[in-house]
Amino acid sequence: MENIPHLYTILNKIYCRFCPVPSLSGNIRRPWFCKCPKTCHQPSIMQLAVKQQRQQWKTFFQSTSDTIIEEEKDDTPRATIIWRAIKLPIYSVALIPLAVASAAAYLQTGLFSSGRFVVLLASSALIITWLNLSNDVYDFDTGADKNKKESVVNILGSRTGTLVAAVLSLILGFMGLSWASLEAGNVRSILLLASAITCGYIYQCPPFRLSYQGLGEPLCFAAFGPFATTAFYLLQSRTCELPITGTVLSASILVGLTTSLILFCSHFHQVKDDMAVGKMSPLVRLGTRAGSDVVKIAVVVLYSSLLVLGLFGGLPITCIILCGLTVPIGRLVIRYVAENHQDNTKIFMAKYYCVRLHTVFGAAFAAGLVAARMVAGSGILKRILP
């Protein structure tokens, strides 16, 4: 070593005076002019041990951080879970068809039965309760709701209790609908309502379970659109049977579209669970990206149908004007789904954005029908257009 002046020894390791001392990282390059042995620039055993220890600590902290983040995501307050299980906003699908149908009947006759409206609303709410509870029961049976915290079965821990509550809700709801139909003396209405309930049964209950074949949206459209909306319209008659007009048919189509959109968007956050149990929902078949395009097309079709039906005389101009004011909400639904369709946490709220559109659009539509009757009764249009 004495003959090589630029080398020195520390703890029996050879180091070069002209080269940097190896760092803890061990990333040392040997200069091209150096004549030292290769061991001069290799990290020592101690340095390798320190590097390995640093990597282990880094892995530990990273895994701990990921675990904490995951727990924070799953740490949903129980009150929030119960609120989601109740699904109160979803009950707008019971209110809007009835409100629109009653407004259409008011446009036709100028009459409104508040007592019958309350009975029909309570009965419809019970039918929706049956749909929600039985859906949780049968999805629990197939394993589709295994990771669904807001499932009533998972909350109560009792499949039998949930099923009994569902059946009681169905019986009480159908009794209320039957009583209203008998009071109105309208046989067609109870047949239409029975058809709507049948759609709900074959949608989710064994042995049919057509929701697992991706047929939920067409059944939802038929049940809440032409069947329920038309039936509620007929039940607002007091003395004679109302004629089924182009206005009520147009209204039922639009109500069916907004209701089906709610169901479609409720699948976004359940794609993995549905796929695991073989539930071929539209989102499983299409994927979330294509599903976001479907939402955009559906909203465009909704407002296009409103305009076309209005231009061809099926709807009063007041409906077009008031429903046109809800376009920003439709755009909000499109933008939210397009931006968050891949975020399983945020996309959960997509169905509630659709509920908002369904409620506001339906309320505007019903207000437009009532306004059309009031305008026609006051003779304003006759004075404006003699």
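Analyst: Contact here means heavy atoms within 4.5 Å, and helices (H or I, at least four residues) are DSSP runs numbered from the N terminus. This is a predicted model, where local features need pLDDT of at least 70 and side-chain atom pairs count only at pLDDT 80 or more, while totals for chains, interfaces and linings use all residues. Residues are numbered from 1 along each chain, and side-chain values use heavy atoms, leaving out hydrogens and water.

User: Which residues in α8 does α7 meet?

Analyst: Start on the α7 side, where R188, S189, L192, L193, S195, A196, C199, I202 and Y203 make the contact. Their partners in α8 are G216, L219, A222, A223, F227, A228, T230, A231, F232 and L234.

User: Are α7 and α8 roughly parallel or antiparallel to each other?

Analyst: Axes are lines fitted to C-alpha atoms, for helices over the stretch in contact, and angles run from 0 to 180 degrees between N-to-C directions. The axes of α7 and α8 come within 8 Å and cross at roughly 160°. Angles under 35 degrees count as roughly parallel, over 145 as roughly antiparallel, 65 to 115 as roughly perpendicular and the rest as oblique. Therefore α7 and α8 are roughly antiparallel.

User: What is the angle between α6 and α7?

Analyst: Helix α6 covers residues 159–184. In their contact, L170, F174, L177, S178 and S181 of α6 meet S189, I190, L193 and I197 of α7. The axes of α6 and α7 lie 9 Å apart, and the angle is about 160°.

User: How much space lies in the largest cavity?

Analyst: On a 1 Å grid over the protein atoms alone, a cavity is a set of points where a 1.4 Å probe fits but cannot get out, and lining residues have an atom within 4 Å of a point. Grid points are joined across faces, edges and corners, and a volume is the space filled by probe spheres set on the points. The whole structure has 4 cavities of 30 Å³ or more. The space in the largest cavity is about 760 Å³.

User: Which residues are the closest to the centre of the largest cavity?

Analyst: The lining of this cavity has 39 residues. The closest to the centre are I90, L131, N132, F224 and L263.

User: Which helix gives the most to the lining of the largest cavity?

Analyst: Helices that each supply at least two lining residues include α3 (92–109), α4 (114–142) and α7 (187–204). The most, 8 residues, comes from α4.

Definitions and conventions
On a 1 Å grid over the protein atoms alone, a cavity is a set of points where a 1.4 Å probe fits but cannot get out, and a pocket is an open set with protein on both sides within 12 Å along at least five of seven lines; lining residues have an atom within 4 Å of a point.
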